[in-house]
Amino acid sequence: MLVPEESTRMAQLRTGEADVIAVSREKVPEVKAAGFQVFSKLNDQVIACICSSSGIRCRLRIPRAPGLKSGNRPKKAIIKFVFAGQGVPAPMYPIGFLWCGGWRRCALQPYPYDPQRAKQLLAEAGYSNGFDTKIYSYVTADLPELNRLSEAVADYLGRVGVRAKITPMDRAALSTKRQAKTLAGDLLPWSTPNRSLAIHIVTIMHTLHHSQANVHLDSGPGPGSR
């Protein structure tokens with residue numbers, strides 16, 4: 001049965017009209033409290049807030065700020081309050097943590113949570129007073145939390161001087177801007193299916209990080225591959 005309204009699906013489950021339904025992460029605790037079992041597939045996709053910038057030196061400084069590819073403490077807070085506890089911290093994007101260049105996830109550690117170090121590195125890069133940028137906000141059918149993720153990351157980055165203006169835009173338009181390479185210095189939440197096969201990893205890394213790729217993360221000129 002095609003039932004787009006979640007509250008209707010939950011009512012059908014309670015009355016026995018439906019045996020299996022799809023529920024959002026926010027509703028998982030309510031469904032469990034009602035005595036129903038919930039199946040969640042871990043490692044299905046990797047969610048991150050990425051920086052599209054040709055300024056590599058500055059881009060390497062930002063991840064130490066809390067909330068953006070940082071240590072587990074802010075990631076766990078985001079998972080708890082934005083994604084209703086449905087997820088685990090991942091040390092890298094877009095591959096996640098099943099495999100990374102042939103290494104198991106235990107060999108790869110995330111950047112440490114160190115806002116003071118982030119401020120120091122930003123100052124060394126010439127941004128002692130921080131800088132202004134945009135962070136795009138949108139939702140998708142499977143990730144309605146992405147707008148709240150943008151808000152959380154913007155708040156965390158603001159604490160180290162990176163002033164990210166929340167800018168609403170639908171994903172289709174954002175994809176067009178990425179392919180046109182007009183996102184210099186902008187931040188955006190993004191997700192990809194988690195990859196474990198070597199050929200999948202090579203393909204997605206080429207798509208995102210090769211300077212000639214349509215959705216290359218660096219919008220400015222750069223060396224052939226990264």
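**Close-ups of a predicted model**

**View 1. Threonine 167 and the residues it touches.** Leaving aside residues up to four places away in sequence, threonine 167 touches Lys134, Ile135, Tyr136 and Ser137, where a contact means heavy atoms within 4.5 Å. Threonine 167 itself sits in strand 3, residues 162-168; helices here are DSSP runs of H or I with at least four residues, strands are E runs of at least two, and both are numbered from the N terminus. Is threonine 167 buried or exposed? It counts as buried because its relative accessibility is 16%; the cut-offs are under 20% relative accessible area for buried, over 50% for exposed and partly exposed in between, with a 1.4 Å probe and protein chains only.

A note on the model before moving on: this is a predicted model, in which local features need pLDDT of at least 70 and side-chain atom pairs count only at pLDDT 80 or more, while totals for chains, interfaces and linings use all residues. Residues are numbered from 1 along each chain as its sequence is written, and side-chain values use heavy atoms, with hydrogens and water left out.

**View 2. Alanine 84, a residue with a positive phi.** Alanine 84 isn't a glycine, yet its phi is positive, near 55°. Look for it in the loop that links helix 4 (72-81) and helix 5 (115-124). With a relative accessibility of 26%, alanine 84 counts as partly exposed.

**View 3. Arginine 159 and lysine 119.** Arginine 159 belongs to the loop between helix 6 (146-158) and strand 3. Its relative accessible area is 49%, so arginine 159 is partly exposed. How far apart are the C-alpha atoms of arginine 159 and lysine 119? They are separated by 9.3 Å, with the two residues 40 apart along the chain.

**View 4. The second largest cavity.** Searching the whole structure turns up two cavities of 30 Å³ or more. On a 1 Å grid over the protein atoms alone, a cavity is a set of points where a 1.4 Å probe fits but cannot get out, and lining residues have an atom within 4 Å of a point. The second largest cavity holds about 40 Å³ of space, and its lining consists of Met10, Leu13, Arg14, Glu30, Val31, Ala34 and Phe36. Helix 1 and helix 2 (28-33) are the elements that each give two or more residues to that lining, and helix 1 gives the most, with three. By type, the lining has five nonpolar residues, no polar ones and two charged ones.

View 5. The protein chain averages a pLDDT of 75, and 66% of its residues score at least 70; pLDDT is the predictor's confidence in each residue, from 0 to 100. Which element has the lowest mean pLDDT? That's helix 3 (residues 56-59) at 45, whereas helix 1 (residues 6-15) has the highest, 94. Residues 54-61 stay under 50 throughout, and the model gives them 20 contacts beyond four places in sequence. The stretch 66-71 is also below 50, with 28 contacts beyond near neighbours in sequence. Where pLDDT is low, the predicted coordinates should not be read in detail.

**View 6. The whole chain, for orientation.** Eight helices and four strands make up the elements of the protein chain, in the order α-α-β-α-α-α-β-α-β-α-β-α from the N terminus. Of its 226 residues, 41% count as buried. Among contacts with a separation of 6 or more, 67% join residues 24 or more positions apart.

Methods. 1 Å grid on protein atoms, 1.4 Å probe; cavity = no way out; pocket = protein on both sides within 12 Å on 5 of 7 lines; lining within 4 Å. Points joined across faces, edges and corners; volume = space filled by probe spheres on them. Nonpolar A, V, L, I, M, F, W, Y, C, P; charged D, E, K, R; others polar.
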